[in-house]
Number of protein chains: 2
Amino acid sequence: MNDHRAGPADQLRAVGLRVTAPRLATLDWLDAHPHATAEQVADGVRRRLGSVSTQAIYDVLHACTQTGLLRRIEPAGHPARYETRAMDNHHHLVCRVCGRTEDVDCVVGPAPCLEPSASEGFVIDEAEVVFWGYCPQCKAARA
Amino acid sequence: MNDHRAGPADQLRAVGLRVTAPRLATLDWLDAHPHATAEQVADGVRRRLGSVSTQAIYDVLHACTQTGLLRRIEPAGHPARYETRAMDNHHHLVCRVCGRTEDVDCVVGPAPCLEPSASEGFVIDEAEVVFWGYCPQCKAARA
DNA sequence: AGGCTTTCTTGACCGATTCAAGAAACGGTG
DNA sequence: CACCGTTTCTTGAATCGGTCAAGAAAGCCT
């Protein structure tokens, strides 16, 4: 009834998507490897299923993103990354060099910087916060 | 001595870049048309100078971004945009449909959401905030 | 099991941007 | 003020991440 702690198959059914091997493998892989790129997901899924087309991976990621099962993050200058933590709007910490991405929970209480001063007639529905910096590895590599 | 209110030529000299027609035209155009894409900059520059290679535009934008004369914004799913307001870290309001971008001054006092809760060993040097929504035109078009 | 619809495979294609080589232009110097 | 070395611009090809399109295969409702 609820999709809290529901397996990937139930999650898919809950949003009206068919249950297929590429989709299950993608959701499983992303649960274990958050913030993976499409290419990394493809690698992981193929390791489990054998041959799967690149297009299928993109289709799966797209379908799951649109239905809210996945969240897509697109850090400037890096390929898009995906994560299963899609419902809460937490933020991200991104390495400028390698693109490594980590979760950051909301900083200033529940709703962070939402509500800008002047909105120019825009209808705003999301405030995205990205912290930019250098991960430990890349920081060490440039010294 | 200071580059406050200095013309584009002085700004270029101040950061050690040669003064060339494509650079002056680019900075002028962006002063008048903030948040323009590379293509829009190319159009504007060509309107003033005649033929200028696309690569030259990218080189100019790159050089000026690296030296701090320009700031590059890269909204997910849209081509990069550039602006001359590079020094203060204000934020942006982006239309999901057309990519139109507007400035938003800092919301919660001077330093907004900087300093995340857990930083995973990262060295953080910037907090980027993007407000996503629909501009008046695109909002009207989908009704 | 049948049949409609969704999803996957294959392969071409795309936009935005970058790389690489040589020609042209800037600007400090004699 | 002409020279020369370095920076910048031109030309043309290439790259990356991702999308489009058509048909084959598979899911799932009855």
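**Entry 1: the core**

I began with the largest nonpolar core, and it has 20 residues. Those with the most contacts inside it are A:Leu93, A:Cys95, A:Phe122, B:Leu93, B:Cys95 and B:Phe122. Strands E4 (91-95) and E6 (123-134) of chain A, together with E4 (91-95) and E6 (123-134) of chain B, each give two or more residues to this core. For the record, a nonpolar core is a set of buried Ala, Val, Leu, Ile, Met, Phe, Trp, Tyr and Cys residues joined through C-beta atoms within 7 Å. Buried means 20 or more other C-beta atoms within 10 Å of a residue's own, exposed means 12 or fewer, and partly exposed is in between, with C-beta atoms placed from the backbone. Helices (H or I, at least four residues) and strands (E, at least two) are DSSP runs numbered from the N terminus.

I then looked up A:Phe122, leaving out residues up to four places away in sequence. A:Phe122 touches B:Leu93, B:Cys95, B:Gly133, B:Tyr134 and B:Cys135 (contact: C-beta atoms, placed from the backbone, within 7 Å).

**A note on the model**

This is a predicted model, in which local features need pLDDT of at least 70 and side-chain atom pairs count only at pLDDT 80 or more, while totals for chains, interfaces and linings use all residues. Residues are numbered from 1 along each chain as its sequence is written, and chains are lettered from A and ligands numbered from 1 in the order in which they are written.

**Entry 2: helix H3 of chain B**

Which residues of H3(B) are buried? I found B:Val41, B:Ala42 and B:Val45. They sit on the same side of H3(B), because they cover an arc of only 100° around the axis (taken from the directions from the helix axis to the C-beta atoms). The face turned away from that buried side carries the exposed B:Glu39 and B:Arg47. The cover over the buried residues includes H2 (21-32), E1 (36-37), H4 and E3 (81-83) of chain B.

**Entry 3: the DNA strands**

I counted a residue as near a strand if its C-beta atom, placed from the backbone, lies within 6 Å of it. Of the 24 residues around DNA strand C, A:Thr20, A:Ser53, A:Gln55, A:Ala56 and B:Ala80 come nearest. The largest share of this surface, 5 residues, comes from H4(A).

DNA strand D is surrounded by 24 residues, and the closest are A:Ala80, B:Thr20, B:Ser53, B:Gln55 and B:Ala56. Here H4(B) gives the largest share, 6 residues.

Methods:
Contact = placed C-beta atoms within 7 Å.
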